[in-house]
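Me: I have a structure open and have not looked at it before. Can you take me through it in short answers?

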Amino acid sequence: MTARILDGKALGTKLRARLGARIAGLGFKPGLRVVRVGEDPASGVYVRNKDRAALEAGFDSATLHLPEATSEAMLLAEIARLNADPAVDGILVQLPLPGHIRAEAAIAAVDPAKDVDGFHPLNAGRLAAGQKGLVPCTPRGVMHLLAEAGVVLPGARALVLGRSQIVGRPMAQLLLGADCTVTIAHSRTRDLPGECRRAEILIAAAGRAEMVRGDWISPGAVVIDVGINRLADGRLGGDVAFQEVVVHAAAISPVPGGVGPMTIACLLENTLEAAVARRGLVAGWRKAPR
Ligand code: NDP
């Protein structure tokens with residue numbers, strides 16, 4: 001067996017084009033503001049990519065780049081200003097922040113209605129409670145990839161490798177919400193290969209290069225690789241040993257070109273949803289009936 005490759009780049013492009021077409025029919029440009037503090041080099045690349053994708057799709061997008069020396073109080077004041085700006089529908093605080101700023105304080109300062117990263121405790125709580133809210137972009141992108149793979153989710157045994165607030169936990173909640181039987185694995189999990197072998201859907205989000213081996217995979221499983229790691233030879237690679245796994249799985253997302261482009265597309269999807277919800281519009285983009 002050779003797995004079908006789930007092309008996140010193509011799927012992300014399709015999703016962004018669909019969002020662009022909806023925006024064209026809206027009569028206004030949903031506003032996205034990315035707040036970056038300091039000079040983390042990887043953040044620079046991410047922020048530029050987000051900005052470019054947003055502008056191409058017709059969003060009103062801009063990056064607020066604050067100096068490294070920005071205090072936590074100054075950052076919170078900037079977030080408060082964006083919260084109050086009616087033209088701003090989505091606010092994303094790019095992580096990591098400099099060490100003197102508490103990420104949880106910045107995340108909690110964002111208006112939950114504009115929290116397009118879906119990291120605010122209120123949105124995390126809504127997701128855990130099975131209520132509607134803004135959902136973190138990477139897990140949302142994974143759900144699109146699973147749909148593209150044609151996976152029947154209800155009843156499927158899913159394993160999420162990783163339990164972070166931004167990927168593992170919300171991922172597990174989304175799969176549970178889709179009626180999967182979900183296992184969450186982490187660094188204290190006993191017999192990780194055995195747990196993986198039981199999975200029909202495996203989502204790898206540990207941040208450990210190529211840790212998921214070919215003999216951990218149940219034949220026919222769908223494998224989504226969230227990890228982004230710099231390999232010894234300088235290339236980017238995932239958490240999955242791609243060449244070993246591709247011969248066992250039914251479908252697999254590559255790194256790069258899998259989850260990464262979907263994350264950006266879902267940031268835009270969240271921003272459009274936030275814009276529509278904030279302005280009292282509903283699907284179909286008309287005013288909600290009263
Ligand atoms: P974190 O470091 O916050 O979390 C990693 C998780 O993996 C933890 O729960 C940790 O367990 C678990 N873990 C680490 N090592 C092992 C191990 N050897 N065995 C079992 N479990 C392990 O990472 P993130 O969730 O933020 O990110 C995960 C990966 O996804 C990274 O490579 C990151 O770069 C990538 N990423 C990709 C995105 C994309 O758009 N494609 C977006 C966001 C992240 P424990 O809790 O016990 O410590």
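Me: What should I know before reading any numbers?
Reply: This is a predicted model, so local features need pLDDT of at least 70, side-chain atom pairs count only at pLDDT 80 or more, and totals for chains, interfaces and linings use all residues. Residues are numbered from 1 along each chain as its sequence is written, and side-chain values use heavy atoms, with hydrogens and water left out.

Me: What is the mean pLDDT?
Reply: The mean pLDDT of the protein is 95, and 97% of its residues reach 70 or more. pLDDT is the predictor's confidence in each residue, from 0 to 100.

Me: Where is pLDDT below 50?
Reply: It is below 50 over residues 284-290. Beyond near neighbours in sequence, that stretch has 11 contacts in the model (contact means heavy atoms within 4.5 Å). Where pLDDT is low, the predicted coordinates should not be read in detail.

Me: New topic. How many salt bridges are there?
Reply: The count is 13. A salt bridge here is a side-chain nitrogen of Lys or Arg within 4 Å of a carboxyl oxygen of Asp or Glu.

Me: Which parts of the chain does the one between E269 and R140 link?
Reply: E269 is in helix α10 (residues 259-278) and R140 in helix α6 (residues 137-148), 129 residues apart. The N to O distance of this salt bridge is 3.0 Å. Helices (H or I, at least four residues) and strands (E, at least two) are DSSP runs, numbered from the N terminus.

Me: What about R140 and E273?
Reply: Their side chains also meet in a salt bridge, at 2.8 Å from N to O. R140 lies in helix α6 and E273 in helix α10, so this pair ties together parts that are 133 residues apart in sequence.

Me: Is R140 buried or exposed?
Reply: R140 counts as buried because its relative accessibility is 17%. The cut-offs are under 20% relative accessible area for buried, over 50% for exposed, and partly exposed in between (1.4 Å probe, protein chains only). E269 is buried as well, whereas E273 is partly exposed, with a relative accessible area of 33%.

Me: And R235 with D233, buried or exposed?
Reply: Both R235 and D233 are exposed. They form a salt bridge of 2.8 Å, N to O. Elsewhere, D89, R278 and R279 are linked in a salt-bridge network.

Me: Let's go to pockets. What volume does the largest one have?
Reply: About 1400 Å³. On a 1 Å grid over the protein atoms alone, a pocket is an open set of points with protein on both sides within 12 Å along at least five of seven lines, a cavity is a set where a 1.4 Å probe fits but cannot get out, and lining residues have an atom within 4 Å of a point. Grid points are joined across faces, edges and corners, and a volume is the space filled by probe spheres set on the points.

Me: Which residues are closest to the centre of that pocket?
Reply: Of the 48 residues that line the largest pocket, the closest to its centre are Y46, T138, I228, G260 and T263. Helix α2 (41-56) is among the elements that give two or more residues to this lining, and α2 provides the largest share, nine residues.

Me: How many cavities are there?
Reply: A search of the whole structure finds two of 30 Å³ or more. The largest holds about 70 Å³, and strand β4 gives the most to its lining, with three residues. The second largest cavity holds about 30 Å³ and is lined by R36, V37, D40, S43, Q94 and P96.

Me: Last one: which residues of helix α7 are buried?
Reply: In α7 (residues 168-177), G168, P170, M171, A172, L174 and L175 are buried. D179 follows α7 and has a positive phi, near 70 degrees. Most residues other than glycine have a negative phi, and most peptide bonds are trans.
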